[in-house]
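Please open the structure in your viewer and follow the stops below in order. Each stop names what to select and then describes what is there.

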Amino acid sequence: MPSSRRTTGRGPAAGGGGDDPRVPPFTGNNTDHNPRELRSWARRTGFHPSAFFSGESAVSNSSTATAHPPPPPPPPAASRRPPRPPVREPEPEDDPDPAPPVDLDRDRAARGARPRRRIDLRGELEIPPAAAATAAAAAPVELSAEPEAPRGGRGRRNGADRLLGETEPLNAGRNANGGVRADADARKKAEEADAKRKAEEAEARRKKKEDEDRDAELAAYYQEQWANEEEEGVAAGAEEGEAAPLSRASGLRCAVAENPGWGLLVFYGIQHYLSIAGSLVFIPLIMVPTMGGSDVDTATVISTMLLVSGLTTILHTFLGSRLPLIQGSSFVYLAPALVIANSEEFRNLSEDKFKHIMRELQGAILVGSVFQIILGYSGLMSLLLRLINPVVVAPTIAAVGLAFFSYGFPQAGSCVEISMPLIVLLLLCTLYLRKISLFGNRIFLIYAVPLSVGIIWAYAFFLTAGGAYNFKGCSSNIPNSNILLDSCRRHADIMRRCRTDVSDAWKTAAWVRVPYPFQWGPPTFHFKTAIIMMIVSVVASVDSLSSYHAASLLVNLSPPTHGVVSRGIGLEGISTFIAGLWGTGTGSTTLTENIHTLDTTKMASRRALQLGAAFLVIFSFFGKIGALLASIPVALAASVLCFTWALIVALGLSTLRYTEAVSSRNMIIVGFTLFISLSVPAYFQQYEPSSTLILPGYLLPYAAASSGPVRTASNGLNYAVNALLSINVVVALVVALILDNTVPGSKQERGVYIWSDPKSLEMDPASLDPYRLPKKISCWFRWAKCVGI
């Protein structure tokens, strides 16, 4: 051997035999070794670089069995010798003791040049002690060149001979054809085994990484959304010197739990309610005249809605989901209310028609609210959430807006000289002028509805005062049935829908009037109407679920847990119960338009909403405020609703951003659901009402309950089934629910682990603090474990 080959020991015996103490010891893994590391150490210490340590001698100890490392990789191309085949390990029954060390200094020990040394692959070179028991206890992996009897197959001496390359018979055998073929076969098997092992390890790593990526996807999505907030909002937050970094990250002017001061609280509260005024006050302008109510009745219902909205919003911010969301009369309840109002038994009533219909609606709403309370506080909503995913919610909410396409422009088109300018002005404010900011506020975007209505209302007043709607011999105060002239009959609808002085609510409404429960009389209860409102309460819960998740994203909170959602739905049931007691004609739920308002105002303070809700309660006591809102021309209200319903459709479809929107599965489900939600009700609505009273064309879609195709022995069941299948939003929910839960699809494709399993994320527990109930209130809800966080 060349004289440059050296091994080094550690300990007292290391210095014997002329060893160089400067040579570093080999430091390997405690349980296995890397052949490349051993070759590198061999080169540094002077061993021949062609030596190939395959590691067939495993590390063993007294407490564990012998470990079998995986086969080594093929030697590098620079190696001069072909790799030897792996030596078979002795069977456990043949050699229960640790493998004997292979002596590297077989010839030199006889010459006395150096003492025999053994290599400990755990990082030490030491001279073995004299006692054999001590060597067995240490159990290092050794390489020895001492001749030993072979055990099972080829012996270790041949392995050492190959390693050191010092026996001529071995070299001669390697040059033989049989040896070359054996080496090639062994190397091929080793490569195959190594490739198989690497493939299995790669597959295991891939599966593990896929699970981790799925769990972290929502967190990454939210971080991306926060990072992509508009620069203007971030700059505005920085200029105002906000202390909360969470609010600055998304450009919020005020975070959920912040208190910016009384002045800003009042400003933000009024601003929030003004931006959503169209949804709060325009439902009575449609519903009350359909029910046969007078202008005073319309003003009273508007005041009642203001009161109920204020009370329920305060309750929701304290006891519900605690998100900054306004509660009010939802459009989800408008279509069922119109269906009940156009029932056959109410069409020909001439005396107190409005009160009869309102009392019927009150009874149905009360029953539906009790069902929603049970759904929320019993924990059933948590079970239902497993079936409700974004693919279900998107077409359901979109169907809420699409349901009124037959009412929107047909009503607005009766007075195009004021309706078209209003629609154009709304689009200008919300699209073309949305980035114009005055005093840090995007007034055209935030106040688009009140600004546009105010301007066009003043324009309509000048048209009325200028005689644009005066027709010779005609008066707008004479009912259509009493108008004898055909010319006046043609102009009657134009005068009623366009003139600003047609309403007498301002003249007859009281200055101060406090709405009170059962102000229309005791409610009436019927199974056929109660079952309708029970189903609609489920649809309203699905609508609110979408608002909860979208609002949590906008205000930088973690997605609401199942307990938070159940608590919010239960509180909305209480809100609907209050609406039924006071008699608003519709249920009270989270308004979908809140999402647009939060995004435009950048105001998320609960205190601001509570203060604004208190102002609503105060305004409801003044009858003249309701009378002023009731005098808005119907054409103006219909124009605003055209914009509002289109916004609801867009907000509903935007829920698909939680899913793979380009998936063919999702596109087919959503597209088919939207189409069938319009087509099936149209089939039920084609049956003409069996009544001598002719209904207006825009009310015919809501008359199918009494004359639909379903005819069984039970009249109540016929009424309920015909009514439910004629309501677009009910059909959309049923179809989407069935398709999404039966058509195969991955969780990522459906958006399941974003809504149905928020706990799969590694969420910061502090991010759930805004959802927690106040300490003085939470003690009263300990019995309801399902509504906790």
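Leaving aside its neighbours within four places in sequence, with which residues is F331 in contact? The model is a predicted one. Select F331 together with S279, I283, V400, F404, E593, L641, T644, W645 and I648: these are the residues that F331 contacts once neighbours within four places in sequence are set aside.

Keep F331 and W645 displayed. These two have the most contacts inside the largest nonpolar core, which comprises 123 residues. Next, select helix α23, residues 527-554; this helix gives the most to the core, contributing 13 residues. In soluble globular proteins, nonpolar side chains tend to be buried together.

Proceed to helix α25, residues 594-601. Six of its eight residues are buried, so α25 is largely enclosed by the rest of the structure. After α25 comes K602, which has a positive phi, near 55°.

For the last stop, select helices α14 (residues 353-377) and α24 (residues 562-582). Their axes come within 7 Å and cross at roughly 165°. Because angles over 145 degrees count as roughly antiparallel, α14 is roughly antiparallel to α24. The crossing of α14 and α24 is left-handed. Colour the contact of α14 with α24 by residue class to find eleven nonpolar, nine polar and two charged residues.

Methods
Residues are numbered from 1 along each chain as its sequence is written. This is a predicted model: local features need pLDDT of at least 70, side-chain atom pairs count only at pLDDT 80 or more; totals for chains, interfaces and linings use all residues. Side-chain values use heavy atoms; hydrogens and water are left out. Axes are lines fitted to C-alpha atoms, for helices over the stretch in contact, and angles run from 0 to 180 degrees between N-to-C directions. Helices (H or I, at least four residues) and strands (E, at least two) are DSSP runs, numbered from the N terminus. Angles under 35 degrees count as roughly parallel, over 145 as roughly antiparallel, 65 to 115 as roughly perpendicular and the rest as oblique. A crossing is left-handed if the near helix is turned anticlockwise from the far one by less than a right angle, and right-handed if clockwise. Ala, Val, Leu, Ile, Met, Phe, Trp, Tyr, Cys and Pro count as nonpolar, Asp, Glu, Lys and Arg as charged, and the others, Gly among them, as polar. A nonpolar core is a set of buried Ala, Val, Leu, Ile, Met, Phe, Trp, Tyr and Cys residues joined through side-chain atoms within 4.5 Å. Buried means under 20% relative accessible area, exposed over 50%, partly exposed in between (1.4 Å probe, protein chains only). Contact means heavy atoms within 4.5 Å.
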